[in-house]
Amino acid sequence: MRLDHLSYAASPDGLASTIQWMGRKLGTGFTDGGIHPRFGTRNFVAPLANGSYIEVVEALDHPAAETAAFGRAVKSRTEDGGGWLAWVVAVDEIAKVEARLGRAAHDGHRVRPDGFDLRWKQIGLTEFSYDPQLPYFIEWEGDAAHHPSAGGSSVTLTDLEIAGDEKTVDDYLDSRSAQPLDGITVEWSAPGEDGSGLVAVTFSTPNGAVRIY
């Protein structure tokens with residue numbers, strides 16, 4: 001179990017505007033990750049130095065954005081101004097999570113601009129939808145060389161601030177939350193008016209520490 005990626009919903013100004021300002025702050029570039037046809041979303045991604053990555057995602061004018069849990073979450077977060085959406089944990093055997101949650105994982109995929117179809121299984125969007133402090137789980141299919149973190153980066157994720165309760169997350173993971181977040185400092189805060197969820201992320205960059213809300 002390890003941190004796979006962080007999702008950031010584009011602002012109402014759009015995906016291009018969001019990746020431009022975030023790229024400038026972090027001193028890194030984002031690449032077009034392609035479209036999630038089953039979710040009604042698309043993303044741009046930036047690898048991080050610790051084997052994880054950031055995705056900036058927007059909802060498309062597509063029926064799936066109204067029916068898929070992820071599409072609805074992205075659209076709602078953008079309508080609220082955009083910002084951090086979710087943290088995602090990679091597992092090697094998603095069947096164990098399926099057994100614990102009592103249901104099957106869903107297939108996910110996105111087609112990159114180069115035509116490659118990146119595929120995975122995911123589960124936990126139901127829990128995340130009603131309690132955004134909780135991560136969801138992903139198991140990648142295919143060659144690790146196609147993982148969005150491939151190529152590395154000079155930008156490292158160092159700190160997370162999560163509004164929520166550490167024990168609640170530990171119980172959900174069936175493990176201490178520190179395990180998939182090994183080496184990352186986590187600051188827990190009480191949920192505010194916006195409820196629980198990922199509040200802020202700090203990165204070590206060539207230009208020093210950068211905190212993004």
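Q: Are Tyr 8 and Trp 84 buried or exposed?
A: The model is predicted: local features need pLDDT of at least 70, side-chain atom pairs count only at pLDDT 80 or more, and totals for chains, interfaces and linings use all residues. Residues are numbered from 1 along each chain as its sequence is written, and side-chain values use heavy atoms, leaving out hydrogens and water. A residue is buried under 20% relative accessible area, exposed over 50% and partly exposed in between (1.4 Å probe, protein chains only). By this rule, both Tyr 8 and Trp 84 are buried.

Q: What is the angle between the planes of Tyr 8 and Trp 84?
A: Rings of Phe, Tyr and Trp (its six-membered ring) pair if their centres lie within 6.5 Å; planes under 30 degrees apart are stacked, over 60 edge-to-face and the rest tilted. The whole structure holds eight aromatic pairs. In the edge-to-face pair of Tyr 8 and Trp 84, the centres are 4.9 Å apart and the angle between the planes is 85°.

Q: How many residues apart are Tyr 8 and Trp 84?
A: Helices (H or I, at least four residues) and strands (E, at least two) are DSSP runs, numbered from the N terminus. Tyr 8 belongs to strand 1 (residues 2-9) and Trp 84 to strand 5 (residues 83-90).

Q: Which residues do ring pairs link into a cluster?
A: Tyr 8 and Trp 84 form one of the pairs. Ring pairs link into a cluster Tyr 8, Trp 21, Trp 84 and Phe 203.
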